[in-house]
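Subject: Structure handover

Hello,

Here is the structure for your files. My notes come after it.

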Amino acid sequence: MTISIGVDVGGTFTDFLFLDSQSRSFRSAKVPTTADDRSRGFMEGLEALGAAPESVDWLVHGTTAGTNAVLERNGARCGLITTRGFRDILELGRRTRPHAYGLSGNFEPLIERRLRLEVAERIDASGRVVTPLDEEGVREAARALLEQGVESVVIHFLHSYANPANERRAAELVRGIWPNDHVVAGHEIMREMREFERGSTAAVHAGIAPVVSRYIGRVAERLSEEGFRRELLVMQANGGMMAASVVGEQAVQTVMSGPAAGVLAAAELAQAAGARNVITGDMGGTSFDAALIVDGRPVVTAEKDLAYGVPIRVPMIDIHTIGAGGGSIARIDPAGMLRVGPQSAGSFPGPIGYGRGGERPTITDANFMLGRLNPDSVTGVEGGAPMETVRERLEAEIGKPLGLDAAGAASAVVEVAVAELAGALRLISIEKGHDPRDFAFMPFGGAGPLHAVRLARELDIPRIVVPRFPGLTSALGCILADVRHDFVQTFNTPFAELDCAEVKGAMSAQAAAGRELLAREKVEVDEVVIEHEFDLLFRGQSHVLRLPMRGEKLDLEELLEDFHAAYRARFEMELPEMIPILVNVRTTITGKREPVDLSVFRPGEGDLEAARKGARRVWFDGEWLETAIYAREALPRDAEISGPAIVEQADSTFVLDPGATARVDEVGNLIVDVGISGEGAR
Amino acid sequence: MTGTMDKTRLDPVTLTVIEKGLQQICSEMDLVHEKTSFSPVISEAFDRSNGIYGREDGRMIAQGEMGLPIFLGVMQETTRCVIEERSDLEDGDVILVNDPYRGGTHLMDVKMVRPFHYRGRLWCWLSNTGHWPDTGGMVPGGFNSTATEIHQEGLRIPPVKLVEGGVMDEEIVKIVLANIRVAQERIGDIKAQIAALAAGARRLTALLDRYGEETVEAALVELEDRSEQMMRAHLEGIPDGVYKATAWMDSDGVVDEPLAIRVKATVTGSDIAFDLSESSPPCKGPMNSVWATTLSSVYVALKHIFPDVPMNAGCFRPIRVEPPKGTFLYAEYPRPVAGCAAEVSQRIMESVFLALSEAIPDKLFAAPAGTSGNLSLGGFDPETGEEYIMYYFSGGGYGGWWEGDGLTNGCSTIGISKSQPVEILEQRYPLLFDRYALREGSGGDGRYRGGFGVSYRVRLLRGEGKASFLMEHGRTGPPGILGGKAGAPNRIHISRAGGIDTPEHISKGEGYALSAGDWIDVETPGGGGYGDPAERSAEARAADRAQGYYGEDEGGAA
């Protein structure tokens, strides 16, 4: 087992990372994403990488094809068969509005109304059948949907998490007459209460399953034509991966899998650097994705909304997106306040500095102005960034109204952006009950390392880990992922009434389902690990705390003790008078692969001076400083550099502010001591 | 700092950073409050608000963006009343208050106010409010529709010291808990509210340590000026003139006569004055509004029209609202007020929207459903052997707007809360929903039609229960603007022992005794239409027909 390839298909570019653990070498490639036929771009990239398909052992693929199809409402044509009286659940949602203030705007349901049909059936909250399933009605509905040209169908009945019998039978009937595999019942995706959220998750799945499985099928086919003999693997949002052969039934898990892979890679790299608690900040052109890694593992949540009115309740690495990227536009609002984002210049026209016709100053332009980004090496721009225009626009749009010169304006833009990002990072840490000061910070994405030191100082985070390839983290995550599947079942029962045997029964049923899936995938794994977690709350509350099982066997008393302890630690509150409830039982099955040896990134020994490309003037805290520029790929192991310095590489730029120092570690990470805290920095 | 600065009193970066910092403190308070609450109204429906208020007068410095909109103006009034009445407060004290006449809303919104001290002196006030599921009174949940004085509505708490020097006064807690239903969980909500204020105090201390008192105080002054400047820029865009409109309420729940909210908005340059004095006199039933709620309603209406204005006391400066003494919008002791926060407030907002719709049609929407649509149901479940109180708020259609059709099943305009899932309601209460559907045909016609209301039927499964309704827009639907038609009005039907009733007051009624098998049908209002229906495109009409929005398809809901 030696050759692994990770592929991350983004909206604009597709990244490839090739790792040969025997010859201890790696290469990367970047090709434009081919929107018309993504599989073509995929094959072109493999070729660019110079990888012969027959020699590849692991090929793992992350894709946003599904996510975008849902967001743009151009996924497969979907239909719904549901409980009589409830066909509008997907359109009514939870009675919200797009923004807290302002009453304009609208919402387009995932499945249009005329393709949502009802059948007689009803199960109550305790799982009793109130109205038996109208089997003929189900067949008629299925036939009617087929006539309407529906390709993918959702069967979604009330309380199917408590008793899936009617849903299961209806799915069986529909599958009997449906011409393809795209039939899904809500409980097959998740057995969790809340009809809108479960239905929305199933509808997201139904919308992308045909799109994703067609695409993955095409890639797998081409690969095998080219001689690839292994199973193609697909990245999931939970940070694990699955075999391409099961992607049709697990399609919903691929949503947001690219960013998830990045966080997974961050966890592994940070671990190698001895950091087990990490905040990650992935800053690209349009957004900043933040996530937490606690005790070496990315925090996973099952409470994400993909967009307004589109909740998705499968476990996903908890990534919080803020509309602040390199392309975010800076402006003065009517109150005279400096604002950065959320409007973005996007990839076209992009920042002024990219010379594609952009006219509004962006965060990237501010970095050009301050000398932090190298204006002479802009991908695809002849003769470098148009610095005169950058200066003029910054001065006119930001500097003049605020009484600042161009550098002052650029500096203000960076500072406001950093404050915005820091605030968001603080809030997501606190929401999860953590203090950011206890964490290391790992910046990645093209623009993440640019602002890392400022951001860390703002949050009083003492240490930063900059990965060797900040722009290829998602592709690396694909290579590092294990096979993983998650299961959930709702209990919603007070502890006093719990039957331990019943809970254990659910746990082992979920574990068995996981093993069965794993067996079907035929992926070679070293070890199978099964983990159980429990969602608990006090009666009357809405927010659960999730706890792992202590030890090997379930002991309800221990679990209860742990819950009280966790509640005390999280909220500094004791509530002996309240009734604890077990809400959900969650099972995760992980097929561990042979670990990838990260020492392939081990830098060579050598002379730091050889890595030095020169120097330029860079603006730090009110003055221009002569700043050393280093080439990342040439930095030797254990080298130490002190700020002010800039480290450049093809996929990213890292700014080391004055007062901070960085050291190159064993696997090529830069370990940064930020030196002084936020207060000192001012 | 960087660059040169001479024009501003404070450098622009620090100003923006402090503004964000203050907002984040409020958001953190909101978060702690929400995550630890027992009241589903708070944790699931976000019916709470946390903020920072001025030392001398309680003016709003910052308030959480995740908080319920109606508290936008209310909380500064609450804080002001506490400042006026209690000069004996020390660091570590927390005041408890829910008195509607002292800067309040209805009794269920229970406020806490904490003096915040920095380096040994009072620096500002931290206050919050949370909607408790019950504060006693004649109906479970407090949303009565027939009270004729406040004492029937529940426990009224003047500003009292709940916490003194960091120690909770158990005696006060005992009195409170003895007077409310489902009391055992409220201690959890009390602790949650205190914890949120404590979190705010910690973070505010850190902010002041970092930037220094002087800088932060200078920033506060500047931020208020900026906010005012932005509001004025918007108001300048409204042509000078006098704009009038009337919103009609069905009744006060006791006397079956409509109530009029008559607004006169006078725009002069960048100032706007609201006169509500021609509105109906104080009413006998609980549809009176207290001053804080009336004032806040006008503020929230403007914030909905100009959502980008940052929230602090500065943006209120160009707005003058004459206290409408002698009307039902300026309730004084002992007038009952249960309907003011959820119902009257929304209709005051409607009157503001209608008045300004002709002046700035490119920024306005036709009337939204305008009711919280509250159904309260209390009873005893023989299966669990426990009493229960449910209240269920429903959404309705929003009005068509300048670029599109109205939103279907939008939240009340004073709230931002989610409705509870049917599966959770059926878990918690002995109920079964026969239907929870889009109400076909309810959106008012127009160039851009209104959004649709909802239509549901809920059946009692076991035991006996009592239902109450506090809804609105039953007589007439939410009006359209610029020639658009009104949305469908609210409808309620109650089926008992075979007979079907509608409440005498159309949208309000109390104490409907239900037995197992009885059901309630509720159909909530659709939004008003925007513009002449003749201008609606043929494609839009064809799409509406195809989707069965006007009841012509075959898949149809039962």
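The notes below cover a pocket, a helix contact and a salt bridge.

This is a predicted model, in which local features need pLDDT of at least 70, side-chain atom pairs count only at pLDDT 80 or more, and totals for chains, interfaces and linings use all residues. Residues are numbered from 1 along each chain as its sequence is written, chains are lettered from A in the order written, and side-chain values use heavy atoms, without hydrogens and water.

The second largest pocket holds about 1,400 Å³ of space. Among its 47 lining residues, A:I430, B:E28, B:A199, B:R202 and B:R203 are the closest to the centre. (On a 1 Å grid over the protein atoms alone, a pocket is an open set of points where a 1.4 Å probe fits, with protein on both sides within 12 Å along at least five of seven lines; lining residues have an atom within 4 Å of a point. The volume is the space filled by probe spheres set on the points, which are joined across faces, edges and corners.) α5(B) gives the largest share of the lining, 12 residues. Helices are DSSP runs of H or I, at least four residues, numbered from the N terminus.

The axes of α11(A) and α1(B), lines fitted to C-alpha atoms over the stretch in contact, come within 10 Å and cross at roughly 10 degrees. The two helices are therefore roughly parallel (angles under 35 degrees).

B:E84 forms a salt bridge with B:R80, with the closest N and O atoms 2.9 Å apart; the term means a side-chain nitrogen of Lys or Arg within 4 Å of a carboxyl oxygen of Asp or Glu. Both residues lie in α3 of chain B, 4 residues apart.

Regards

Terms used:
Axes fitted to C-alpha atoms, helices over the stretch in contact; angles between N-to-C directions. Parallel < 35°, antiparallel > 145°, perpendicular 65-115°, else oblique.
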